[in-house]
Each structure stands twice: as C-alpha cells, then as structure tokens.
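Please view the sequence and structure below before reading on.

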Amino acid sequence: MISGFAFDVSHMLAGLLVLVSFAMLYQDRLYAVINVLALHAFVLAISVAWQAHIQHAPHLYITALIALGFKAIAIPMALRRMVFRLGIHREIETVVSIGLTMLAGIAMVALSLMVMLPVTAHVDPVAREDISLALSVVLIGLLMMVTRRNAVSQVAGFLSLENGVNLAATGAQGMPLVVEISVAFSILIAFIVVGIFLFRIRERFDTVDLEALDRFRGERR
Amino acid sequence: MTETLVLAIPLLGAALLALIRDYRLSAKINVTASGLALIAALLLLVDRPAAGQFLAVDDLNIVFILLSTFVGFTTSVFSASYIGHELEEGRLTPNYLRFYHAMFQLMLFGMNLALLANNIGLMWVAVELATLTTVVMVGIYRTHEAIEAAWKYFILGSVGIALALFGTILVYLAARPVVGEGIDAMVWTVLLTRAHDFDPALLNVAFIFLLLGYGTKVGLAPMHAWLPDAHAEGPTPISAVLSGLLLNVALYALLRFKVLLAANPGAIAPGPLMIALGLLSLIFAAFMLYRRRDIKRMFAYSSIEHMGITVFAFGMAGPLGNFAGLLQMAMHSLTKSAIFFSVGHVAQVKGTQRIADMGGLTSTHPLLGWGLIAGVAAIAGLPPFGVFTSEFLLVSSTFAREPLLAILFVFGLLVSFGALFLRVSSVAFGEPRGPTGPVTASYVPMFAHLALVLIAGVWLPGPLVAWFQHVAVLLG
C-alpha cells in the first residue's frame with residue numbers, strides 16, 4: 001500500500017503541473033512561454049520519477065529521462081533558437097483577455113474534477129487524483145491552443161497537453177507500453193518542431209502568425 | 001506468421017524504397033510491394049493465426065485488412081501513372097519522389113498495424129504513425145496551400161490523437177481492477193471477455209474521449225476541419241488513400257471500443273452518440289457540397305458525408321444496421337478512390353482543380369469523363385451500384401425503427417445528391433473548357449473499383465453476405 005507521504009508528494013507534483021499550466025496561459029512573450037514550457041516538462045519529469053519510485057517501476061525512469069532531456073531541455077532550446085532565427089522574439093502576442101482565459105482555465109479544472117472524481121471512485125487514490133489533475137492539464141493545453149494565434153505558442157500548448165496525457169499514463173499504475181508510447185509521442189513532437197523548421201513557415205508566410213495562414217482557405221483564390 | 005508478412009512487406013518496401021534513386025524503378029517496387037501485401041492479406045483468409053498479445057486476426061478486422069491492402073495496391077498502380085506527370089510539371093523532384101514512395105509504404109504499414117493490433121496501446125501508436133506519414137505526404141508539394149493544409153491536419157490530428165490516448169488510459173484504468181496489472185489489461189481479446197465486470201462509469205468517460213479523438217480522424221462533423229484541406233492540397237493518390245483507407249482505420253478503432261462498451265451492461269449505449277455525430281456530418285457536408293469550387297475539395301466533403309452515413313449505420317446497430325454500415329464503408333472506399341483516380345488525371349490535364357475551369361469532359365476525354373460520371377452516380381447512391389444497396393438497407397431499416405431519424409437521413413442524402421450532380425454535370429458535359437491535351441492515364445484501377453462496386457450492387461455473393469452478417473452480429 002502506498003503511504004500517505006508518497007501520496008501527498010505525487011499530488012503536490014500533479015498540482016504543481018496544473019499551476020505551471022496556468023502560468024503558461026498568461027505569458028504574452030514567446031521566450032516566456034518557452035521558459036514556462038521547460039518548467040512544465042521539468043515538473044513532469046520529477047512527477048514521473050516519483051511515480052517510478054513509489055510504484056517500483058524502474059522503466060518509468062526512462063520516461064522521466066525522456067521528459068527531462070528531450071522535453072525540458074532539447075525542445076525548448078530548439079524553439080528558442082527558432083524564435084531567434086525567425087526574429088519574432090520581440091513580438092508581443094495579443095492574448096485574448098488574460099482574465100477571461102484564466103477564468104476559463106479555472107472552469108476547465110472544475111470540469112475535469114467534476115467529471116473524473118465521481119467516475120474513478122473505485123480506482124486507487126493516487127491514480128484517481130492524478131487522472132483528474134492530468135485532465136485539467138490537457139484541457140488547459142487545449143485552451144492555450146485555441147486562444148493563441150502564433151504557431152510557436154500553439155506548439156507550446158500542444159506540448160503541455162501532451163505532458164498532461166503523460167501524467168495520466170504514468171499515474172495509472174502498472175500501465176504497460178508507457179515507455180513505448182512516450183517515445184512515440186516524442187517522435188511526434190520532434191516532427192512538429194522539425195516541421196516548423198523545414199517548412200520554414202516564416203519564409204513562406206513572412207510570419208508565424210497563423211492568422212496569415214487563414215487568409216487562404218482553399219476556396220478563395 | 002502470415003500476419004507478420006502483411007506488416008513486414010510494407011516495412012521492408014519502405015526501407016528499400018528509401019534507398020532507390022530511380023523513380024521509375026521505385027514506382028514498380030511500390031506496386032510490387034503493395035501487391036505482395038495484398039496476397040499476404042488474402043493468405044490470412046485460409047491461414048488464420050491465433051491471437052497473440054500484440055497481433056490478432058478475427059472476422060472483423062480481416063474485412064478491413066483486405067479492403068485496405070486492395071485499395072493500397074490499386075492506388076500504387078494509379079500513383080505510378082500519376083507521378084510521371086508531376087515530375088514533368090516540376091511539382092515534385094526525384095528526391096521528393098523517393099521520399100514519397102518510402103512514405104507510401106510506411107503509411108500502409110501503419111494502417112495494417114493499426115488494423116491487426118490486438119492491443120489498444122499498439123493500435124494507438126500505429127494510428128499515430130499513419131497520421132504522421134500522411135501529414136508529410138499532404139505537405140509534399142511545399143506550396144503555401146499544401147503547407148497550411150499539412151499544418152492544420154497535423155495540429156488537429158495531434159489533438160485528436162492525444163485525446164484518444166487519454167481515452168485509452170481510462171480504458172486501462174477500468175480494466176486493471178478486473179484483469180490485473182500488466183499487458184493483459186490492454187489486449188482486445190482479454191478486454192472483451194472481461195468487459196462485463198468493468199466499471200461502467202469509467203468506460204463511459206473513456207468512450208467520450210475515444211469518440212472525440214478517433215472521431216477527429218474519421219472526419220466527423222465538428223472535428224472535420226482538417227479533412228477538406230488535406231484532401232485538396234496533397235497529391236491525388238494520397239487523397240485516395242486518405243478517403244479510402246485512413247478514415248476507415250480510425251473508424252475501425254471506434255468500432256472496437258463500441259463493441260467493448262456494448263459488452264458491458266452498465267455502460268451507456270454508444271449508439272445515440274454515434275447517430276447524432278453521423279447525422280450531423282451527413283447533413284452538414286451535404287450543404288457544404290453546394291459551395292465548392294475545387295473539385296478535390298468537393299469530393300472531400302463527400303467523404304465527410306459518407307463517413308457520417310457509415311457512423312450513423314453503426315450507431316443504429318442491430319444486424320441490419322451493422323451490415324449496411326460494413327457494406328457502405330467498403331463501397332465508399334472503392335468508389336471514392338475510383339473517383340479520385342479519375343479526378344487526379346482530370347486535374348493533370350486541365351492544370352487546375354477549379355470546377356469552373358473544367359468542362360465537356362465526356363466529349364474530350366470520354367473514358368475519364370464517363371468514369372467520373374459512373375463514380376459520382378455510384379457515390380450518390382444511384383442503382384445499380386453497391387452504395388445504393390447499403391443506403392437502401394439503411395433507410396428501410398431505419399424507417400422501421402426510427403422514422404424521424406430516417407427522414408433526416410434521407411433529407412441529407414437528397415441534398416448531397418443534388419449538389420454532386422449540379423457540380424459534376426458542368427465538369428462532364430457542355431462546352432469543353434480548359435486544356436484538352438492527351439492524357440497518359442492508367443484506367444485499370446479506376447474501372448476495377450467501379451466494376452467491383454457495380455457487381456456488389458447487382459449481385460452480392462452468398463458467402464460474402466453470410467460473412468458480413470456474421471460480423472454484423474459480432475458488432476452487436
């Protein structure tokens with residue numbers, strides 16, 4: 001049986017992840033978004049490592065290492081480099097009213113707790129609260145993707161969403177294939193980042209602002 | 001053993017094609033590898049391996065595998081005649097073609113893996129792989145439009161995939177107390193036998209996530225935004241496999257989870273949800289068809305419409321509904337890819353995809369023109385084609401059970417029928433418009449598909465009917 005202390009720590013870490021998600025919501029500079037993203041992945045790495053420790057599941061350390069090395073260090077570095085290269089580091093994003101977005105974020109957390117807590121009544125407590133917090137992170141990530149118009153911040157939103165799914169996967173005790181799935185997800189993320197680079201969205205569109213892409217809708221040419 | 005062949009052939013093909021520079025040779029290898037995969041899939045009919053922890057062949061997925069490898073093969077034949085023109089036009093370079101061929105096989109591998117998987121985690125990884133490869137293929141022309149289409153597809157597809165994974169995790173959580181920790185709690189065959197004891201509330205929430213996640217990939221209405229762009233801007237062989245195969249793979253994933261829910265007495269009935277989304281997609285797409293100016297985009301909306309019909313059919317369930325759903329899905333795959341084969345060549349001749357710049361096709365290119373007309377007649381559900389059979393079955397069985405739903409359904413069908421003929425008649429008949437140069441097309445894939453659809457409409461072989469009926473009962 002998992003002790004109270006282990007239980008509390010894993011809750012604290014999951015809660016911290018939700019908190020960092022909120023912090024990401026109100027950043028209006030790209031560098032700041034990327035820094036918060038790195039912090040997000042770092043908290044995830046600690047949380048996964050903690051799960052590995054309390055579940056006695058050494059393979060989860062691999063997932064933690066991937067989160068740390070790939071998502072907390074490599075991806076933010078690549079994104080920062082890209083922002084610098086594209087010369088958009090000075091840009092300030094027009095965030096859709098911070099207050100409203102934060103309220104929507106709170107609503108997301110309330111929603112996920114209301115949905116998940118009743119249905120997971122028979123699941124063990126660690127997984128139970130982890131899953132509901134993970135769903136909050138997923139929903140806030142979606143919110144981030146919806147409210148931002150910039151490709152880089154959309155990617156940041158997607159990565160935080162993905163961190164939430166990872167939290168859920170590691171919280172579900174004894175879930176098989178977690179490592180494989182996190183590797184597959186990392187490939188997906190690498191694809192996204194390399195994709196922005198290769199497609200040179202800047203070169204094509206003169207901006208990474210997706211508003212410019214929307215000019216074209218295929219029909220109006 | 002045989003099931004690994006279905007996977008190994010495309011994988012080896014992809015590795016080999018990544019090494020070959022000569023595009024003519026690689027097109028041939030592409031056709032050969034797809035043909036071999038089809039033969040391997042046919043072998044599964046006679047030699048069915050036992051279900052393992054990762055792979056399994058059963059009555060349900062073998063329908064999908066056969067369809068998938070067949071359309072994969074015919075598309076590779078079409079692609080071989082299509083890419084030569086793209087190379088001449090300079091839309092693709094030899095290097096990109098090498099990449100294209102390797103990706104084509106990798107995509108087939110991903111789809112076959114998703115269909116064969118006996119493990120919900122493995123299936124998720126395979127669907128992701130298939131998505132990634134198609135994203136790259138959609139963006140391969142590197143034009144402004146293609147990149148936007150690829151990006152949109154990518155972001156929406158990734159969100160869908162993330163939600164599907166969340167749903168998968170919830171299914172595992174529901175299974176764990178019953179099946180126990182470890183790999184068994186993710187194996188289909190185990191899940192299905194024990195589903196009776198799962199926590200129904202958890203399964204319900206899981207299904208919502210799976211429906212939204214995999215439903216995005218099916219192209220169901222509120223989550224369909226990626227589909228028209230991806231179909232219109234990628235190379236036409238990719239449009240054909242997207243419509244003919246990838247949508248089916250996502251649908252297959254949904255069906256599996258639907259069966260799982262049906263096996264649990266306490267869980268919600270997935271039917272009404274699927275019926276609602278299906279009808280919404282059908283009616284929405286039917287109206288959207290009217291304002292299309294791009295021919296590939298129009299047929300993409302028609303794919304949304306038909307996935308709506310299919311999901312509606314599986315939502316109605318029962319032996320008749322499921323039978324109609326299976327038939328509709330198979331007929332749609334064959335017909336829609338035939339239409340794209342025709343449209344691909346038409347667009348090459350005319351140098352554009354704008355409907356306004358095409359005309360009089362039946363007089364300038366009779367084979368392409370009449371092929372297109374036949375395809376559209378089939379997809380619109382006219383007799384004697386196979387789509388008519390399935391839609392007729394669906395309408396009559398729905399009228400018997402839920403007359404109101406049937407009225408909405410028929411309304412959607414009629415609206416889309418009008419739109420398709422309005423647009424296609426201007427392309428096929430009247431004064432020739434646009435360039436009328438000769439075309440180097442291979443008509444075999446297109447007419448082979450149409451012939452199959454015609455035969456299915458006139459006469460369905462007894463064993464096939466019995467088999468579909470059996471699967472329909474399995475689907476509950």
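A residue is called buried when its relative accessible area is under 20%, exposed when it is over 50%, and partly exposed in between. The model discussed here is predicted.

A search of the whole structure, over all chains, gives eight salt bridges.

| Residue with N | Residue with O | N to O distance |
|---|---|---|
| A:Lys71 | A:Glu162 | 3.0 Å |
| B:Lys152 | B:Asp229 | 3.3 Å |
| B:Arg354 | B:Asp357 | 3.5 Å |

In chain A, the salt bridge between A:Glu162 and A:Lys71 links distant parts of the chain. A:Lys71 belongs to helix α3 (residues 59–86) and A:Glu162 to helix α6 (residues 151–171), and the two are 91 residues apart. A:Lys71 and A:Glu162 are both buried.

In chain B, B:Lys152 pairs with B:Asp229 in a salt bridge. B:Lys152 sits in helix α6 (residues 144–179) of chain B and B:Asp229 in helix α9 (residues 226–233), so this pair ties together parts that are 77 residues apart in sequence. B:Lys152 and B:Asp229 are buried too. They also take part in a network of salt bridges that includes B:Glu233 and B:Arg297.

B:Arg354 has a relative accessible area of 30%, so B:Arg354 is partly exposed. B:Asp357 has a relative accessible area of 32%, so B:Asp357 is partly exposed as well.

Terms used:
Residues numbered from 1 in each chain as written. Chains lettered and ligands numbered in written order. Predicted model: local features only at pLDDT ≥ 70, side-chain atom pairs only at ≥ 80, totals over all residues. Heavy atoms only, no water. Salt bridge = Lys/Arg side-chain N within 4 Å of Asp/Glu carboxyl O. Helix = DSSP H or I, 4+ residues; strand = E, 2+ residues; numbered from the N terminus. Buried < 20%, exposed > 50% of the residue type's maximum accessible area, 1.4 Å probe, protein only.
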